[in-house]
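Colleague: I would like to go through this structure with you. Could we place it here before I ask my questions?

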Amino acid sequence: MFTVFRGGRSGAWRVTRFAPVKGAALSPTPSLSVVHSLSIALPILPSPTSWRLAGVASHLRYTERAEKNELEAARAEIGRPEATYAALIPIKKSAAWWELTQEERRQIFEDKSHHIADSLKYLPAIARQLYHSRDLGEPFDFLTWFEYAPEHADTFEELVRTLRATEEWRYVEREVDIRLERERLDAG
């Protein structure tokens, strides 16, 4: 199952902030739509006012059994009515990252950067889903999607600061931070 994020003039999510963090930005758009599909179509022509990013949710990587169990126990579902804030953060890592072996990446990811251990305290307030894009020929390696309630906005900012301060983040060569808001589904 593919997940396609389309930045453009319409969509269920209104863009509230669009910030290039590292490397080239995407074209700012006022809205974002998220579509789950069994197939994806390539854009016919590039557009200066819209873009499309696709990814696939996959099995957890660089994760040991105990970590997987902890993550599953603290997992929050995407699509909760109270989670009216979201962030799409596409990330591309450097060639140096991909030249490392799986074991070397795991050592940086968890043993040195504590990606999982440090992120667990933010769950289940923040729901997250990682989509892999590298093998699809997309411009980013990963599409990270987060959803959270407005009262957890400061908590989310702390999570982002924590992850960007790690050794792992030194391998990021391109990152865009897109913040979003949608109307509450349970609003009166």
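Modeller: What follows concerns the nonpolar core and the salt bridges.

Modeller: This is a predicted model, in which local features need pLDDT of at least 70 and side-chain atom pairs count only at pLDDT 80 or more, while totals for chains, interfaces and linings use all residues. Residues are numbered from 1 along each chain as its sequence is written, and side-chain values use heavy atoms, with hydrogens and water left out.

Colleague: How many residues has the largest nonpolar core?

Modeller: The largest nonpolar core has 17 residues, and Leu32 and Trp51 are among those with the most contacts inside it. Such a core is a set of buried Ala, Val, Leu, Ile, Met, Phe, Trp, Tyr and Cys residues joined through side-chain atoms within 4.5 Å. Buried means under 20% relative accessible area, exposed over 50%, and partly exposed in between (1.4 Å probe, protein chains only).

Colleague: And salt bridges, how many are there?

Modeller: There are twelve; each is a side-chain nitrogen of Lys or Arg within 4 Å of a carboxyl oxygen of Asp or Glu.

Colleague: Which residue does Glu168 pair with?

Modeller: Glu168 pairs with Lys93, with 2.7 Å between the closest N and O atoms. The two residues are 75 residues apart in the chain.

Colleague: Is Glu168 buried or exposed?

Modeller: Glu168 is buried, at 9% relative accessibility, and Lys93 is buried at 6%.

Colleague: What about Glu181, which partner does it have?

Modeller: Glu181 forms a salt bridge with Arg14, at 2.9 Å between the closest N and O atoms. Glu181 is partly exposed at 26%, and Arg14 is partly exposed at 46%.

Key:
Helices (H or I, at least four residues) and strands (E, at least two) are DSSP runs, numbered from the N terminus.
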